[in-house]
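Hi,

Here is the structure I promised to send over. Have a look at it first, and then read my notes below.

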Amino acid sequence: QVQLVESGGGLVQPGGSLRLSCAASGSIFKITAMAWYRQAPGKQRELVASIFSTGSTNYPDSVKGRFTISRDNAKNTVYLQMNSLKPEDTAVYYCNADITTSDMGFRDYWGQGTQVTVSS
């Protein structure tokens, strides 16, 4: 059984930084894409950043130049470095991964979410 466990959320002042981590565990054969999404109150969940096994990354314009996604394939872990945070970045951040296991095949997995609050 695969689990994604996020950490690193919290309260930060505008202009500050936070680093989120998400570790995948279980009977993992292969992880292809990994990504971070966020959902603010009353809004739809949106993609924040994605990274493929090749290292190719993708960001929406709202975070480009401020957020950086990276991954450690040996540790099955993805990171999100968030700099120059703004109040509008406040949301619950979710980790997502496309994982192949020996028993379930290819599936899409989600973490439980971690709260990020940007406020003075």
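This is a predicted model: local features need pLDDT of at least 70, side-chain atom pairs count only at pLDDT 80 or more; totals for chains, interfaces and linings use all residues.

What follows is a short tour of what turned up.

**The four-stranded sheet**

Let's start with a sheet you can trace by eye. It is an open one, built from 4 strands in the order β1-β3-β8-β7, with antiparallel pairing. At the edges sit β1 (3-7) and β7 (67-72), each of which pairs on one side only. On average, and ignoring direction, neighbouring strands in this sheet are turned by 15° against each other.

If you look at the turn linking β7 and β8, you'll find a hairpin with 4 residues between the strands. Asparagine 76 in that hairpin takes a positive phi near 50°.

**The disulfide**

There is 1 disulfide in the count, and it runs from cysteine 22 to cysteine 95, with an S to S distance of 2.1 Å. The pair ties together distant parts of the chain: cysteine 22 belongs to strand β3 and cysteine 95 to strand β9, 73 residues apart. The torsion about the S-S bond is about -80°, so this disulfide is left-handed.

Are the two cysteines buried or exposed? Cysteine 22 has 0% relative accessibility, so it counts as buried. Cysteine 95 is also at 0%, and therefore buried too.

As background, nonpolar side chains in soluble globular proteins tend to be buried together. In this model the largest nonpolar core has 30 residues, and the ones touching the most other members are Trp36, Leu80, Met82 and Tyr93. Several strands give two or more residues to this core, namely β3, β4 (28-39), β5 (46-51), β7, β8, β9 (91-101) and β11 (114-118). The one that gives the most is β9, with 5 residues.

Leaving out residues up to four places away in sequence, methionine 82 touches Gly16, Ser17, Leu18, Leu20, Arg66, Phe67, Tyr93 and Val116.

**A look at glutamine 13**

Finally, a residue in a loop. Glutamine 13 is found between β2 (10-12) and β3 (18-25). Its relative accessible area is 53%, and because the cut-off for exposed is over 50%, glutamine 13 counts as exposed.

Which residues does glutamine 13 contact, once neighbours within four places in sequence are set aside? The answer is Val118 and Ser119. Valine 118 lies 105 residues away from glutamine 13 along the chain, yet their C-alpha atoms are separated by 5.4 Å.

Happy to talk any of this through when you've had a look.

Cheers

Terms used:
Residues are numbered from 1 along each chain as its sequence is written. Side-chain values use heavy atoms; hydrogens and water are left out. Buried means under 20% relative accessible area, exposed over 50%, partly exposed in between (1.4 Å probe, protein chains only). Contact means heavy atoms within 4.5 Å. Two strands pair if DSSP finds at least two bridges between them. Axes are lines fitted to C-alpha atoms, for helices over the stretch in contact, and angles run from 0 to 180 degrees between N-to-C directions. A nonpolar core is a set of buried Ala, Val, Leu, Ile, Met, Phe, Trp, Tyr and Cys residues joined through side-chain atoms within 4.5 Å. A disulfide is a pair of cysteine sulfur atoms within 2.5 Å.
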